[in-house]
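Good morning, and thank you for coming.

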Amino acid sequence: MDLHFELKRGERPAGIADLLDRMKETASRHRIRCPTCGWQPGADSRWTCVPTDAPEYYAHGCGTAWNTFETRGCCPGCDHAWRWTACLACGMWSRHEDWYGPDDDDI
Ligand SMILES: [Zn+2]
Ligand SMILES: [Zn+2]
């Protein structure tokens, strides 16, 4: 099964504007980054709620695309609270809470 590949990015690297967005974001919340590769999602990063079998079985993916870090992993379409989040850069799944690193985490 490779359903989780549908969770890949709907965005492309944006450069400076994206970087500034990230800086604004990280100033107001914990630094969010992929525990595996260190990628940091931008304000326009989008995850899609789709039927998934691993690592988190959920058969009722509703197709909603949203920034999962705006809702702490909760899908605004079907209210499913995703405990796992796939990295849009490296494709690895990590527990949602593991994305919230300490402020002094060096990237
Ligand atoms: Zn959903
Ligand atoms: Zn990653």
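Let me begin in the loop between β2 and β3, where Arg72 has its place. Please keep in mind that we are looking at a predicted model. Arg72 has a phi near 55°, which is a positive value in a residue other than glycine. That deserves a remark, because most residues other than glycine have a negative phi. At 54% relative accessibility, Arg72 counts as exposed. Arg72 also lies over the face of Tyr100, at 4.0 Å from the ring centre.

A second residue with a positive phi is Asp79, with a value near 70°. Asp79, too, is found in the loop between β2 and β3. Its relative accessibility is 60%, so Asp79 counts as exposed.

I turn now to the backbone at a proline. The peptide bond from Ala54 to Pro55 is cis, with omega near 0°. In general, most peptide bonds are trans. Pro55 sits in the loop between β1 and β2.

The next topic is the metal sites. Which residues are the protein donors of the zinc ion called ligand 1? They are Cys49, Cys62, Cys75 and Cys78, each through its SG atom, at 2.3 to 2.4 Å from the ion. The angles among the 4 donor atoms run from 99 to 115°, and the site of this zinc ion (ligand 1) is tetrahedral. Along the chain, the donors of ligand 1 follow the spacing C-x12-C-x12-C-x2-C. Cys49 belongs to the loop between β1 (47–48) and β2 (65–66), while Cys75 belongs to the loop between β2 and β3 (84–86), so this pair ties together parts that are 26 residues apart in sequence. Cys49 and Cys75 are both buried.

Now to the zinc ion that is ligand 2. Its protein donors are the SG atoms of Cys34, Cys37, Cys87 and Cys90, which lie 2.3 to 2.4 Å from the ion. Here the angles among the 4 donor atoms are 103 to 115°, and the site of ligand 2 is tetrahedral. The spacing of these donors along the chain is C-x2-C-x49-C-x2-C. Cys37 lies in the loop between α1 (16–28) and β1, and Cys87 in the loop between β3 and β4 (93–95), so the pair ties together parts that are 50 residues apart in sequence.

Cys34 is buried, with a relative accessible area of 2%. Cys37, by contrast, is partly exposed, with a relative accessible area of 42%.

Cys74, for instance, is in no disulfide, and the nearest cysteine sulfur, that of Cys75, is 7.2 Å away. Cys74 is partly exposed, its relative accessible area being 25%.

My next subject is the aromatic rings. A pair of aromatic rings is described by the distance of the centres and the angle of the planes. The structure holds 6 aromatic pairs. In one of them, the rings of Trp39 and Trp47 have their centres 6.3 Å apart and their planes at 55°, so the pair is tilted. Trp39 is buried, with a relative accessible area of 13%, and Trp47 counts as buried at 3% relative accessibility.

Trp47 also forms an aromatic pair with Phe69, and this one is edge-to-face, with 5.3 Å from centre to centre and 80° between the planes. Trp47 is in strand β1 and Phe69 in the loop between β2 and β3, so the pair ties together parts that are 22 residues apart in sequence. Both of these residues, Trp47 and Phe69, are buried. Ring pairs link Trp39, Trp47, Phe69, Trp99 and Tyr100 into a cluster.

Finally, please find Glu97, in the segment after β4. Glu97 is partly exposed, with a relative accessible area of 48%. The C-alpha atoms of Glu97 and Pro35 are separated by 9.9 Å, and the two residues are 62 residues apart along the chain.

Thank you for your attention.

Note on methods
Residues numbered from 1 in each chain as written. Chains lettered and ligands numbered in written order. Predicted model: local features only at pLDDT ≥ 70, side-chain atom pairs only at ≥ 80, totals over all residues. Heavy atoms only, no water. Donors = N, O, S within 2.8 Å, 3.2 Å for Na, K, Ca; no water. Tetrahedral: all angles 85-135°; square planar, octahedral: opposite > 155°, others 65-115°. Helix = DSSP H or I, 4+ residues; strand = E, 2+ residues; numbered from the N terminus. Buried < 20%, exposed > 50% of the residue type's maximum accessible area, 1.4 Å probe, protein only. Disulfide = S-S within 2.5 Å. Phe/Tyr/Trp six-rings, centres within 6.5 Å; stacked < 30°, edge-to-face > 60°. Lys NZ or Arg CZ within 6 Å of the ring centre and 35° of its normal.
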